[in-house]
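Subject: Structure handover

Hello,

Here is the structure I said I would pass on. My notes on what was found in it follow below.

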Amino acid sequence: MIRVRFAPSPTGPLHIGGVRTALYNYFFAKQNGGDFVLRIEDTDSSRFVPGSEEYIIESFKWLGIKFDEGPHVGGNYGPYRQSERREIYRKYVDELLAKGLAYYAFDTPEELDAMRARLEAEKAPSLQYDSSTRLAMRNSLTMSRDEVKFRLDGGEQYVVRIKIEPNQTVVVNDLIRGEVAVNSSLLDDKVLWKSVDGLPTYHLANIVDDRKMKISHVIRGEEWLPSAPLHVLLYHYLGWEDTMPKFAHLPLLLKPDGNGKLSKRDGDRLGFPVFPLEWTDPKTLETSCGFREMGYFSEAVINILALLGWNDGTEQEIFSINELIEKFSLDRVSKHGAKFDVQKSAWFNHQYLLKSSTEMLTDLFTPFMHANAAVPIFERKTLEKIIDLVKERVNFVHEIWGQSHFFFIAPTIYDETVVKKRWTPETPDILTKFADLLEKESDFSSENLEKITTDFIKTNNYNMGQVMNCLRLCLVGAAMGPHLNDIMAIIGKNETVQRIRTAVSTI
RNA sequence: GCCCCGUUCGUCUAGAGGCCUAGGACAUCAGGUUUUCAUCCUGAAGAUCAGGGGUUCGAAUCCCCUACGGGGUACCA
């Protein structure tokens with residue numbers, strides 16, 4: 001049975017790197033008929049940010065990604081918040097302690113700093129708390145059993161550290177990177193149990209939960225690769241080699257410019273979303289924009305993220321979520337970081353916008369239309385016609401207004417450069433003649449208007465550009481927009497004629 | 001500093017020893033279509049495959065070194 005988990009910390013909004021990790025987990029699980037579990041890793045109470053968990057859940061709801069288990073949906077392996085699993089972990093620390101695979105340490109933060117300072121001064125090859133340094137520290141390896149008991153009974157604060165034997169080769173088999181071997185001397189005696197809040201650290205909690213929740217594959221970001229050997233060691237120490245999950249460490253998402261891991265600030269700095277949803281920091285009240293609010297379709301976001309580090313080997317770039325589930329494979333995940341490309345993302349959104357139904361686009365556009373005052377109420381059918389005429393020119397729904405406002409509101413200013421280029425002394429006469437002609441016309445369908453204008457131009461021996469460009473100027477105010485007969489048909493006779501007369505008198 | 005991972009057009013990438021005079025997409029530029037703009041179509045430019053050594057008849061692909069980039073190095077996850 002394939003079971004994977006997405007295990008974020010509730011320390012703020014989830015960024016798109018995390019979303020991608022979740023997506024890859026999801027594709028992999030669903031492809032194999034497995035389960036996709038949400039687990040909240042909140043063992044660091046000091047970094048807890050209220051609203052994070054709700055944010056995470058809402059984000060995936062928007063994306064249309066469903067968890068099979070999690071704090072919000074329940075499941076047979078709960079609870080799904082580590083803070084609610086305290087009792088579960090203690091047993092295993094005690095077991096490691098009893099087996100001599102872990103030990104108590106009483107060093108204060110100041111003492112640890114002093115140790116590192118001393119090692120640095122000595123130009124020691126490493127500054128770690130490990131086999132080379134632990135015997136100089138205050139821990140149960142250097143104290144008598146009685147003294148340890150005395151301190152413990154006296155309620156002295158302690159941490160539990162894993163005891164790593166030097167000079168062993170620890171091998172991590174990674175589904176994406178192959179075999180990664182590390183000498184255990186390079187690992188430090190990581191804290192497994194914290195004194196400050198009486199909770200395990202990520203490392204221990206993670207291993208215990210993955211075991212208890214029967215996780216078969218751990219698919220996570222590359223930032224975990226350096227601690228993967230520690231995790232492998234923990235599986236051995238606890239005698240859980242038989243159920244050790246398979247690991248896959250994903251490449252990171254990088255800053256679009258410069259170097260480094262993509263971070264919160266990049267979005268605001270570069271003007272693109274780093275988060276699925278808008279987020280307001282509860283403390284600073286600072287707001288960061290989200291894909292949803294920026295007008296991205298959730299399917300487009302999934303598609304964009306899926307292709308940042310994976311492809312199916314063909315030239316296909318547009319994938320539905322079902323296709324992704326069907327085609328995703330870990331061995332086609334790239335090994336190097338990827339930079340987010342705003343322009344290509346906009347293109348993806350354009351593709352999804354074109355695929356969207358006119359009805360849906362009209363629904364989405366309506367609020368933007370109402371946001372602009374003094375807009376005439378068109379019939380729904382007319383609105384849909386307008387959307388169909390302009391949708392290919394925009395990447396986002398909110399851009400539709402910029403491409404369609406002239407349907408609703410007559411131009412008040414006329415593009416100077418076009419006036420200069422096209423408006424000749426004869427223009428007012430020509431256009432007035434045309435307006436007079438239109439005024440007598442009863443059939444204002446697009447087809448008939450096409451015929452009328454071409455006939456008008458032919459019979460008077462004008463040329464196309466001479467008439468049409470100036471007519472466009474009258475109706476639109478600029479050299480843009482769909483075919484004029486479509487525009488005239490939609491705004492109607494009175495409005496068309498009036499716009500021509502107004503322009504003739506003002507230009 | 002030390003450890004780990006990586007490195008193909010500006011960006012995302014294809015590439016599993018000969019199919020590579022390195023393919024596609026976005027962006028850029030040019031031409032065409034169009035009454036305008038956009039779409040669309042065609043084309044161009046753009047990567048001596050980070051550099052250097054090997055291995056091989058043959059290397060973008062395998063090995064080594066160097067450089068560069070990223071990650072890690074907390075009682076954070």
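Pro79 sits in the loop between helix H2 (52–63) and helix H3 (86–98). Helices here are DSSP runs of H or I with at least four residues, strands are runs of E with at least two, and both are numbered from the N terminus. The model is a predicted one: local features need pLDDT of at least 70, side-chain atom pairs count only at pLDDT 80 or more, and totals for chains, interfaces and linings use all residues. Residues are numbered from 1 along each chain as its sequence is written, while chains are lettered from A and ligands numbered from 1 in the order in which they are written.

The bond joining Gly78 and Pro79 is a cis peptide bond, with omega about -5°. Lys123 is not a glycine, yet has a positive phi of about 55°. Lys123 is placed in the loop between helix H4 (109–121) and helix H5 (145–153). For background, most residues other than glycine have a negative phi, and most peptide bonds are trans.

**Domains**

Chain A is divided into domain 1 (86–208), domain 2 (356–408) and domain 3 (416–506); the bounds come from an automatic or database domain assignment. Between the C-alpha centres of domain 1 and domain 3 there are 82 Å.

**The sheet**

There is an open sheet of 3 strands, in the order S3-S4-S7 and with antiparallel pairing. Two strands count as paired if DSSP finds at least two bridges between them. Strand S3 (102–105) and strand S7 (191–193) are the edge strands, each pairing on one side only. From one strand to the next, the twist averages 45°. Strand S4 (residues 159–162) and S7 run antiparallel and are joined by 2 bridges. Opposite Val160 stands Trp193 in S7.

**Helix packing**

Helix H12 (residues 358–370) packs with H13 at an angle of about 100°, their axes 9 Å apart. Axes are lines fitted to C-alpha atoms, for helices over the stretch in contact, and angles run from 0 to 180 degrees between N-to-C directions. H12 and H13 are therefore roughly perpendicular to each other (angles under 35 degrees count as roughly parallel, over 145 as roughly antiparallel, 65 to 115 as roughly perpendicular and the rest as oblique). Thr358, Leu361, Thr362 and Phe365 in H12 meet Leu383, Glu384, Ile387 and Asp388 in H13; residues are in contact if their C-beta atoms, placed from the backbone, lie within 7 Å. By class, this contact of H12 with H13 has 4 nonpolar, 2 polar and 2 charged residues. Ala, Val, Leu, Ile, Met, Phe, Trp, Tyr, Cys and Pro count as nonpolar, Asp, Glu, Lys and Arg as charged, and the others, Gly among them, as polar.

Helix H13 (residues 380–390) also packs with helix H14 (residues 400–408), at about 125° and with axes 10 Å apart. That angle makes H13 oblique to H14. On the H13 side the contact is made by Ile386, Ile387 and Val390, and on the H14 side by Ile400, Gln403, Ser404 and Phe407. These residues divide into 5 nonpolar, 2 polar and no charged.

Helix H16 (residues 427–439) and helix H18 (residues 464–476) pack at about 75°, with axes 10 Å apart. H16 and H18 are therefore roughly perpendicular to each other. Their contact involves Thr427, Ile430 and Leu431 of H16 with Val467, Cys470, Leu471 and Cys474 of H18. It divides into 6 nonpolar residues, 1 polar and no charged.

Regards

Notes
Two residues are in contact if their C-beta atoms, placed from the backbone, lie within 7 Å.
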